[in-house]
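Hi there,

Here is the structure I promised to pass on.

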Amino acid sequence: MGVNQSVGFPPVTGPHLVGCGDVMEGQSLQGSFFRLFYPCQEAEETMEQPLWIPRYEYCSGLANYLQFNKHWGGLLFNLAVGSCRLPVSWNGPFKSKDSGYPLIIFSHGLGAFRTLYSAFCMELASRGFVVAVAEHRDQSAATTYFCKKAPEKNQTINESLEEEWIPYRQLGEGETEFHVRNPQAHQRVNECVRVLRILQDVTAGRTVLNILPGGLDLMTFKGSIDMSRVAVMGHSFGGTTAILTLAKETQFRCAVALDAWMFPLERGFYPKARGPVFFINAEKFQTVESINLMKKICTQHEQSKIITVLGSVHRSQTDFAFMTGSLISKFFSSQTRGSLDPYEGQQIVVQAMLAFLQKHLDLKEDYDQWNNLIEGIGPSLTPGAPHHLSSL
């Protein structure tokens, strides 16, 4: 098996080429770290394609999260997918637009990080969205890091920074999961709002320093993000984050919650929930209780919807759905793949979310051709919950 064939990303279908780059703002834990996917110009020279897993530390972080031996699991993961690259232009030249592109801020799931939803993000960018994927520093990522000032003096700015890594936090003995995850959820919301504020500044032409060496030049984005058309999106714990973020920050006009993990939300939150929220669930993850919590939000906001993608599992909505090969299968149970073809599943979810985003961001596109998918009407879809979870 050739290692480059280990992840078969679906080709994008939109009219734009896609660029991506990383942004780190601030020299402390309270700063921000995110990946931008965006419409890109054709470059004069051949552009570098970024690694899917950006650094070896993320391989060992994934192994640790999955409770494999961190060293040997990290080596195996790196061997399987460490050389896989994304079919995008790394720091490619941004394609400016006077009217501005709509913005999506994306929140990753538990044990994930900023690159594991690249298939969705690349497709959305090809369709004319700017997508910012926050990498959360609440110890829910497989691992992450921030840069801080090193003690040595008289050095240039990049040399004077040192990395501090933040590992995934396993539950300690005697800890209840809710009391760990609920504060994490609220920190994640603050991090999503911070990304929004940074991109507001960038759009307005204010200087935002990207402290990463060779990082994306944010000045090229000036005036090209439509801050009146902003949505928040996330998967699993990120779906919860999206629901909470929509309630906290009114600049977000809607939320897309991919197989949201409702557990970390406090019960007192539901009367304060805002809509519209589009719940796109996999068939094999939710419970009767979690579906009922989603229904609470939907009864308050008639434009909020729940649909289920039949034949899909929780990880169907991540890049892991597109992994092939026996080596990588050692990391995952059969839960990585459902019975639905992953490329078909990706197409259904993307078309459904595009129809929803057009409706609630007032986009001038043709995505309303898929409005029936918002109602759960279409191949491999059912409205609401699957039959075995429909409560009486």
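**Helix α4 against helix α5**

Helix α4 (residues 177-203) and helix α5 (residues 237-248) have axes that come within 9 Å and cross at roughly 60°. That angle makes α4 oblique to α5, and the crossing in which α4 passes α5 is right-handed. From α4, the contact is made by Arg181, Gln184, Ala185, His186, Arg188, Val189, Asn190, Cys192 and Val193. The α5 side brings in Phe237, Gly238, Thr241, Leu244, Thr245 and Lys248. Sorted by class, the residues of this contact of α4 with α5 are 6 nonpolar, 6 polar and 3 charged. Please keep in mind as you read that this is a predicted model.

Serine 236 has a phi near 60°, a positive value in a residue other than glycine. As a reminder, most residues other than glycine have a negative phi.

**Helix α1 against helix α2**

How do the axes of helix α1 and helix α2 cross? For α1 (residues 56-65) and α2 (residues 70-81), the axes come within 7 Å and cross at roughly 120°. The two helices are therefore oblique to each other; angles of 65 to 115 degrees would count as roughly perpendicular, and those over 145 as roughly antiparallel. Here too the handedness can be given: α1 passes α2 in a right-handed crossing. In α1 the residues that meet the partner helix are Tyr56, Cys59, Ser60, Leu62, Ala63 and Asn64. Facing them in α2 are Lys70, His71, Gly73, Gly74, Leu75, Phe77 and Asn78. The contact of α1 with α2 has 6 nonpolar, 6 polar and 1 charged residues.

Next come helix α3 (residues 118-126) and helix α8 (residues 342-361), with axes that come within 11 Å and cross at roughly 50°. This makes α3 oblique to α8, in a crossing that is right-handed. Ala119, Phe120, Glu123 and Leu124 of α3 make the contact with Gln346, Val349, Val350, Met353 and Leu354 of α8. Of the residues in the contact of α3 with α8, 7 are nonpolar, 1 is polar and 1 is charged.

Some of these residues turn up again around empty space. Rolling a probe the size of a water molecule over the atoms shows where such space is left. The count comes to 3 cavities of 30 Å³ or more, and the largest cavity has a volume of about 80 Å³. Which residues line the largest cavity? Its lining is made up of Phe120, Val309, Ser312, Ser316, Gln317, Leu340, Asp341, Pro342, Gly345, Gln346 and Val349. Helix α8 gives the most to that lining, with 4 residues. By class, the lining of the largest cavity has 5 nonpolar, 5 polar and 1 charged residues.

**The second largest pocket**

I also looked at the second largest pocket, which has a volume of about 390 Å³. It is lined by 23 residues, and the closest to its centre are Asp22, Trp90, Tyr145, Leu212 and Pro213. Strands β6 (143-149) and β7 (161-167) each supply at least two residues of the lining of this pocket. The largest share, 3 residues, comes from β7. The lining of the second largest pocket divides into 11 nonpolar, 4 polar and 8 charged residues.

Is the peptide bond from glycine 275 to proline 276 cis or trans? This bond is cis, with omega near 0°. Proline 276 has its place in the loop between β9 (254-258) and β10 (277-282). For context, most peptide bonds are trans.

Terms used: Residues numbered from 1 in each chain as written. Predicted model: local features only at pLDDT ≥ 70, side-chain atom pairs only at ≥ 80, totals over all residues. Heavy atoms only, no water. Axes fitted to C-alpha atoms, helices over the stretch in contact; angles between N-to-C directions. Parallel < 35°, antiparallel > 145°, perpendicular 65-115°, else oblique. Left-handed = near helix turned anticlockwise from the far one by under 90°. Contact = heavy atoms within 4.5 Å. Nonpolar A, V, L, I, M, F, W, Y, C, P; charged D, E, K, R; others polar. 1 Å grid on protein atoms, 1.4 Å probe; cavity = no way out; pocket = protein on both sides within 12 Å on 5 of 7 lines; lining within 4 Å. Points joined across faces, edges and corners; volume = space filled by probe spheres on them.
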